[in-house]
Each structure stands twice: as C-alpha cells, then as structure tokens.
Amino acid sequence: CNPMDLSYYFQKGSPSWREAADPLVGVFKAEYWLFATKSKGYWHSPDLIHWQLIPQSGQGLPVDNDAPGVFVIGDKLYWTAINSGIYETGDPAKGEWKLFSNAKSQGDPDLFLDDDGRVYYYGGCSTGGTFQGQELDPKNGFAPLTPRKTLFKADASKHGAEIFAEPTDPPPYKKTGSWFEGPVMTKHQGKYY
C-alpha cells in the first residue's frame, strides 16, 4: 500500500483503476512537486509529508499525458511528458503554466541540466526499443543542438529488468522480448548515472 495519502484520479472504463503511474518529484524553491501520469493535476508539499493537489482541468498542463519529466533552470520549473511540448512556470502553486517550446518527446522524457548549464533530453519507451539522447539549447526554446543518438538498446537477456511482463506475472513469462522505458540521468560526485 502506498504510504502517501493522495487524492488519486480513477480512470474511466471497466475495470476502473487508480492511476498516478510514472511518479516524479522535483524540488523547486526548496519545496516538493510531485507529478504523475493521468492525475488531473500535480501535488505540492513543503515537507514530503503533507501534500496538496493543484488541479489542472483544461488549463495549464496536459497532465493526462504519460510519463512527466520536470527540471529547474534558474527561477523557472519546466515540465514535459510523452508527446507534449515543454511548459514553464515561475509559480507552480498557482497552477498557471505556459507553453515554452513545441519540442515533443518520443517516449518517456527526462530533461537533465548539467552543472555547466547544458541541457540534455533522454527518452525511450517501446518493445525492444532504445534509449536516445541529445543536447538541447535552453536559450533557444530547447531547440536541438545535436541529432538524437541511440545510447542503449533493449536486451532482456543481458539486462534482466526489461522483461515484457507485469511484476505479478509468474515465470515462465507469456510475453517475450524486452520492454524498455523510463530513462533518467543523474549526476553524483562527478559521475553520470
């Protein structure tokens, strides 16, 4: 059971299920912002204990898009998701965002700001697919500075975790091949992970 008591959105259809897949917490102005897939908004917390939903009903962000990614440059918080542009705000508590760039990701997006101010896009989400990366220009609407380059290819026989099945499916798995999604870049003590 998730220990966080959040007002999750229930998907329509039968059977109905709670959503909030692909969660990501960003730190902006010393407070926490939780974004998740198809949640009709996002959550704010000053302390990682108490959370408030910031609803987005037809305004601001297309929060029903999958796999959100966020990052901070200066006094702006940026948001993107699969097949979305890049949006920005200086005050996410107000729920007001504006489209900053029409650049659309292909697959689960991760935007990474390096220590030198350079910005990189990482993405991928497919059966037997790849993770790709490219440098973006933050001073020019995140326009590509380089072509997208394949960084990793899916290979369940070598990577194990790429099994194309649900976590609750018992082996032997009925589905075959690899499922590759959710790339994330981070840096710790001078090393990239």
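This is a predicted model: local features need pLDDT of at least 70, side-chain atom pairs count only at pLDDT 80 or more; totals for chains, interfaces and linings use all residues.
Gly128 adopts a positive phi near 60° in the hairpin of β10 and β11, a hairpin with two residues between its strands. Of the 193 residues, 37% count as buried.

- Among contacts between residues at least 6 apart in sequence, 37% join residues at least 24 apart.

**Strand β11 and its partners**

- Strand β11 covers residues 130–137, and six of its eight residues are buried, so the strand is largely enclosed by the rest of the structure.
- With strand β10 (residues 119–127), β11 runs antiparallel, and five bridges join the two.
- Across this pairing, Tyr120 stands opposite Glu135 in β11.
- Strand β13 (residues 149–153) also pairs with β11 in the antiparallel sense, over four bridges. Gly133 has Lys149 in β13 as its bridge partner.
- Strand β12 (residues 143–144) is joined to β11 by two bridges, again with antiparallel direction. In this case Leu136 has Pro144 in β12 as its bridge partner.
- The hairpin of β11 and β12 has five residues between the strands, and Gly141 takes a positive phi near 65° there.

**The sheet β1-β2-β3-β4**

- Four strands form an open sheet in the order β1-β2-β3-β4, and their pairing is antiparallel.
- β1 (24–28) and β4 (52–55) are the edge strands; each has a single partner strand, so one side of each is left without a neighbour in the sheet.
- From one strand to the next, the twist of this sheet averages 30°.
- β3 and β4 run antiparallel and are joined by four bridges.

**His44 within that sheet**

- His44 is located in strand β3 (residues 41–45), and its bridge partner in β4 is Gln52.
- The relative accessible area of His44 is 13%; because this is under the 20% limit, the residue counts as buried.
- The side chain of His44 is joined to that of Glu31 by a polar contact of 2.7 Å.
- Leaving aside residues up to four places away in sequence, His44 touches Glu31, Tyr32, Trp33, His50, Trp51, Gln52 and Ile54.

**The sheet β5-β6-β7-β8**

- A further open sheet of four strands has the order β5-β6-β7-β8, with antiparallel pairing.
- Its edge strands are β5 (69–73) and β8 (98–101), each of which pairs on one side only.
- The twist here averages 35° from one strand to the next.
- Strand β7 (residues 86–89) pairs with β8 in the antiparallel sense over three bridges; the bridge partner of Tyr87 in β8 is Leu99.

**Nonpolar cores**

- The largest nonpolar core has 13 residues, and those with the most contacts inside it are Trp33, Phe35, Tyr42, Leu61, Leu77, Trp79 and Trp97.
- β2 (31–35) and β6 (76–80) are the elements that give two or more residues to this core.
- Apart from this core lies another, of eight residues, including Tyr78, Ile86, Tyr121 and Phe142.
- Trp33 touches Leu24, Val25, Gly26, Phe28, Tyr42, Trp43, His44, Ile54, Pro92 and Ala93, when residues up to four places away in sequence are not counted.

**Asp114 in the loop between β9 and β10**

- Asp114 lies in the loop that separates β9 (108–113) from β10.
- With a relative accessible area of 9%, Asp114 is buried, because the value falls under the 20% limit.
- The side chain of Asp114 makes a polar contact of 3.1 Å with the side chain of Lys187.
- Not counting residues up to four places away in sequence, Asp114 touches Tyr120, Lys187 and Tyr192.
- Asp114 and Thr186 are 72 residues apart in sequence, and their C-alpha atoms are 8.8 Å apart in space.

Technical notes: Residues are numbered from 1 along each chain as its sequence is written. Side-chain values use heavy atoms; hydrogens and water are left out. Two strands pair if DSSP finds at least two bridges between them. Axes are lines fitted to C-alpha atoms, for helices over the stretch in contact, and angles run from 0 to 180 degrees between N-to-C directions. A nonpolar core is a set of buried Ala, Val, Leu, Ile, Met, Phe, Trp, Tyr and Cys residues joined through side-chain atoms within 4.5 Å. Buried means under 20% relative accessible area, exposed over 50%, partly exposed in between (1.4 Å probe, protein chains only). Contact means heavy atoms within 4.5 Å. A polar contact is a pair of N or O atoms within 3.5 Å; within protein, one must be able to donate a hydrogen and the other to accept it, and residues adjacent in sequence count only if both atoms are side-chain atoms.
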